[in-house]
Amino acid sequence: MIDSFFPFAATTGSITVRVAVSYLPEQSHPALGRWFWAYHVRIENHGEDAVQLISRHWRISDGRGQTSEVEGEGVVGEQPLIVPGGAYDYVSGCPLPTPEGSMVGSYAMELGDGSQMLVAIPHFPLVAPATAS
């Protein structure tokens, strides 16, 4: 059932990252070369120990093949602690200068013993619906 809400997923160890994407026409301005998407991320901890999301790394590609890298602490201003069996959800957005592109990335997670692991964020497309002109 959850797969129908989050069609893109990747699992690293005991952590699953799921993504759903929505094109936002009300925040897009194709005539000005701006398309905008919201993406909903769900991070699930299927392990026996809590993990903390420390940082993120994104690779964002537009329809012309231009790629940008985005790195930073946490997500949406937080560094959530995800308990065993728990999940953390957040929503963010991505503007592009083309009506299509994609995103992929990773999270650095701190484990209970103080070590860190990289957790894959699945590759997902950003595609605006076709419009008649």
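Close-up 1. Glu110 is a residue of strand β8, which spans residues 100-110, and it is shown here, as in every view below, in a predicted model. With a relative accessible area of 31%, Glu110 is partly exposed, and together with Glu48, Asp49 and Asp113 it forms a negative surface patch.

**Close-up 2. The tilted ring pair of Tyr39 and Phe124.** The structure holds six aromatic pairs, and in one of them the ring centres of Tyr39 and Phe124 lie 5.9 Å apart with their planes at 45 degrees, so this pair is tilted. Tyr39 belongs to strand β3 (residues 35-45) and Phe124 to strand β9 (residues 116-127), so the pair ties together parts that are 85 residues apart in sequence. Tyr39 is buried, with a relative accessible area of 5%, and Phe124 is likewise buried, with a value of 0%.

**Close-up 3. The edge-to-face ring pair of Trp58 and Phe124.** Phe124 also pairs with Trp58, and here the ring centres are 6.0 Å apart and the planes stand at 90 degrees, so the arrangement is edge-to-face. Since Trp58 is located in strand β4 (residues 51-62) and Phe124 in strand β9, this contact ties together parts that are 66 residues apart in sequence. Trp58 counts as buried, at 3% relative accessibility. Ring pairs join Trp58 and Phe124 with Phe8 and Tyr39 in a cluster.

**Close-up 4. The salt bridge between Arg18 and Glu44.** The side chains of Arg18 and Glu44 meet in a salt bridge, with an N to O distance of 2.8 Å. This pair links distant parts of the chain, 26 residues apart, with Arg18 in strand β2 (residues 15-23) and Glu44 in strand β3. Both partners count as buried, Arg18 at 12% relative accessibility and Glu44 at 7%.

**Close-up 5. Arg42 with its partners Glu44 and Asp89.** Arg42 forms a salt bridge with Glu44, the closest N and O atoms being 3.3 Å apart, and its side chain also meets that of Asp89 in a salt bridge of 2.7 Å, N to O. The latter pair links distant parts of the chain, since Asp89 lies in strand β7 (residues 87-96) and Arg42 in strand β3, 47 residues apart. Arg42 counts as partly exposed, at 24% relative accessibility, as does Asp89, with a relative accessible area of 33%. Salt bridges link Arg18, Arg42, Glu44 and Asp89 in a network.

Terms used:
Residues are numbered from 1 along each chain as its sequence is written. This is a predicted model: local features need pLDDT of at least 70, side-chain atom pairs count only at pLDDT 80 or more; totals for chains, interfaces and linings use all residues. Side-chain values use heavy atoms; hydrogens and water are left out. Patches are made of residues with over 30% relative accessible area and no salt bridge: like charges are joined within 9 Å, nonpolar side chains (Val, Leu, Ile, Met, Phe, Trp, Tyr) within 5 Å. Accessible areas come from the Shrake-Rupley method with a 1.4 Å probe; for residues, only the protein chains shown count as cover. A salt bridge is a side-chain nitrogen of Lys or Arg within 4 Å of a carboxyl oxygen of Asp or Glu. Lys and Arg count as positive and Asp and Glu as negative; His and the chain ends are not counted. The place of a charge is taken as NZ of Lys, CZ of Arg, CG of Asp or CD of Glu. Helices (H or I, at least four residues) and strands (E, at least two) are DSSP runs, numbered from the N terminus. Buried means under 20% relative accessible area, exposed over 50%, partly exposed in between (1.4 Å probe, protein chains only). Rings of Phe, Tyr and Trp (its six-membered ring) pair if their centres lie within 6.5 Å; planes under 30 degrees apart count as stacked, over 60 as edge-to-face and the rest as tilted.
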